[in-house]
Amino acid sequence: MLVVITYDVSTIDPAGIKRLRRVAKVCQDYGLRVQNSVFECIVNSTELKQLKYKLTDIINEEEDSLRFYNLGENYKSKVVHIGTKDSVDLEDTLFM
């Protein structure tokens, strides 16, 4: 399934900057950055639970925000991309 993850982490102090880096690193382990604070991740239900757990363990819920948009298995007809940064087939080989 395709899950879009967006986040907004407060960076007014050094702890926030560290949280921001940690959130981005965890998201990179599961998917592809498509915008500054937006990742597209192809995951199964177990991986999604792990991802949510890891991210909620990092953020400060009083200062930061996470959003998960579950687009499901038939996501290709639900995503429209316009502009720079060509779309990548997340189910294709990303590295050679």
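Select Val-26 and show its contacts (heavy atoms within 4.5 Å). Leaving aside neighbours within four places in sequence, Val-26 is in contact with Leu-51, Lys-54, Leu-55 and Ile-58. The model is predicted: local features need pLDDT of at least 70, side-chain atom pairs count only at pLDDT 80 or more, and totals for chains, interfaces and linings use all residues. Residues are numbered from 1 along each chain as its sequence is written, and side-chain values use heavy atoms, with hydrogens and water left out.

Stay on Val-26. It is found in helix α1. Helices (H or I, at least four residues) and strands (E, at least two) are DSSP runs, numbered from the N terminus. Is Val-26 buried or exposed? Val-26 has a relative accessible area of 12%, so it is buried. The terms: buried is under 20% relative accessible area, exposed over 50%, partly exposed in between, with a 1.4 Å probe and protein chains only. Now draw a distance to Leu-55. The two C-alpha atoms are 7.3 Å apart in space, while the residues are 29 apart in sequence.

**Helix α1**

Colour its buried residues: Gly-16, Arg-19, Val-23, Ala-24, Val-26, Cys-27 and Tyr-30. They sit on the same side of α1 because they cover an arc of only 165° around the axis. The arc is that of the directions from the helix axis to the C-beta atoms. Turn to the face away from this buried side. There, Pro-14, Lys-18, Arg-21 and Asp-29 are exposed. Cover for the buried residues of α1 includes β1, β2, β3 and α2.

**Helix α2**

Next, α2. It has 14 residues and reaches 20 Å from its first C-alpha to its last, close to the 20 Å expected. Which residues of α2 are buried? Leu-48, Leu-51, Leu-55 and Ile-58 are. Look down the axis of α2: these buried residues fall within an arc of 95°, so they line one face of the helix. An α-helix has 3.6 residues a turn, so residues three or four places apart point the same way. On the other side of α2, Lys-49, Tyr-53 and Asp-57 are exposed. The buried residues of α2 are covered by elements including β1, α1, β3 and β4.

**The core**

Of its 19 residues, Tyr-7, Val-23 and Leu-55 touch the most other members. Two or more residues come from each of β1 (2-8), α1 (14-30), β3 (38-42) and α2 (45-58). The most come from α1, with 5 residues. Centre on Val-23. Beyond neighbours within four places in sequence, Val-23 is in contact with Tyr-7, Val-9, Leu-55, Ile-58 and Ile-59.

**The sheet**

Finish on the strands. An open sheet of 4 strands runs in the order β2-β3-β1-β4, with antiparallel pairing (two strands pair if DSSP finds at least two bridges between them). The edge strands, each pairing on one side only, are β2 (31-35) and β4 (65-72). The twist averages 25° from one strand to the next. Zoom in on β1 and β3, which pair in the antiparallel sense over 5 bridges. Pick Thr-6: its bridge partner in β3 is Val-38. Then bring back α2, which packs on the sheet and touches β1, β3 and β4. The direction of α2 makes about 170° with that of β4. Axes are lines fitted to C-alpha atoms, for helices over the stretch in contact, and angles run from 0 to 180 degrees between N-to-C directions.

Definitions and conventions. Core = buried A, V, L, I, M, F, W, Y, C linked by side-chain atoms within 4.5 Å. Expected span 1.5 Å × (residues − 1).
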